[in-house]
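User: Hi! Could you walk me through this structure when you have a minute?
Analyst: Happy to, here it is.

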Amino acid sequence: MLLRYLLEPKAGKEKVVMKLKELESSVSTGRKWFRLGNVVHAVQATQQSTHATDLVPRVCLTFANLNRVVYFICDTVLWVRSVGLTSGINQEKWRMWAARHYYYSVLLSLVRDLYEISLQMEQVAHDRAKREKSLSQDPLGYSVAKEEREWLQSFLLLFRSLRKHPPLLLDTVKNLCDILNSLDQLGIYKSNPGVIGLGGLVSSIAGIITVACPHMKLKTN
């Protein structure tokens, strides 16, 4: 999608753009086939999330996974329609249901990410307060800390929190990229194919990283 968006304005690339459109359609159908087993995985993830000790992640992840289950079911129905196994399916209605439940799933995952970020920022702020208290006898260090602007303090706090917790940063970036397509499909926020394609690329890279490096996957406490 990203390549098609970049090549469309250029003259003489019509055949390449058409081939990219066909490839995009074929890959989309193939993805639906590979997603058939994801329904089972999403059900298992729902069961696991109910055992989280913290209330907010437990609620967010449980409902996020339930919406993901419904999304995969809708996606499977769309796949059945696309391969011609049945024709009595309102494709547009099922596509909107799929987009809506996927949007709810990613949105709840983002709420969980924001909650985890707030906990990390609180911990970093607590550690910093302890250090400043121990160095309060140093007038220079104390005055510099006092002169920092509030917005800069907040930004640095967020930066330090995410730097200390790379899996949280990766999960947040992935969810932010994933939600772009749903926002566009539901008409909440329209994006061009280039933005959606770039978001999908970044999301895919983030997903590959979590598979290649399991320690980079955000754990549920």
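**Surface patch and side-chain pairs**

Analyst: Leu169, Val173, Leu198, Leu201, Val202, Ile205 and Ile209 make a nonpolar surface patch of about 500 Å². The elements giving two or more residues to the patch are α8 (166-185) and α9 (193-212). This is a predicted model, where local features need pLDDT of at least 70, side-chain atom pairs count only at pLDDT 80 or more, and totals for chains, interfaces and linings use all residues. Numbering starts from 1 along each chain as its sequence is written, and side-chain values use heavy atoms, leaving out hydrogens and water.

User: Which element gives the most to the nonpolar patch?
Analyst: That is α9, with five residues. Helices here are DSSP runs (H or I, at least four residues), numbered from the N terminus. Patch residues have over 30% relative accessible area and no salt bridge, with like charges joined within 9 Å and nonpolar side chains (Val, Leu, Ile, Met, Phe, Trp, Tyr) within 5 Å. The areas come from the Shrake-Rupley method with a 1.4 Å probe, and for residues only the protein chains shown count as cover.

User: New topic: how many aromatic pairs are there?
Analyst: A search of the whole structure finds four. Rings of Phe, Tyr and Trp (its six-membered ring) pair if their centres lie within 6.5 Å; planes under 30 degrees apart count as stacked, over 60 as edge-to-face and the rest as tilted. One of the pairs is Tyr71 with Tyr102, which is tilted, at 4.8 Å centre to centre and 45° between the planes.

User: Where do Tyr71 and Tyr102 lie?
Analyst: Tyr71 is in helix α4 (residues 55-82) and Tyr102 in helix α5 (residues 91-134), so the pair ties together parts 31 residues apart in sequence. Tyr71, Phe72 and Tyr102 form one aromatic cluster.

User: And Arg112, buried or exposed?
Analyst: Arg112 is buried, with a relative accessible area of 5%. Buried means under 20%, exposed over 50%, and partly exposed in between (1.4 Å probe, protein chains only).

User: Which side chain meets Arg112 in a salt bridge?
Analyst: Glu116 does, at 3.6 Å, N to O. A salt bridge is a side-chain nitrogen of Lys or Arg within 4 Å of a carboxyl oxygen of Asp or Glu. Glu116 and Arg112 are four residues apart in helix α5, so about one helical turn separates them. Glu116 is buried too, at 10% relative accessible area.

User: What about Lys174, which residue is its salt-bridge partner?
Analyst: Asp178, with the closest N and O atoms 3.0 Å apart. Both lie in helix α8. Lys174 is partly exposed at 26%, whereas Asp178 is buried at 11%.
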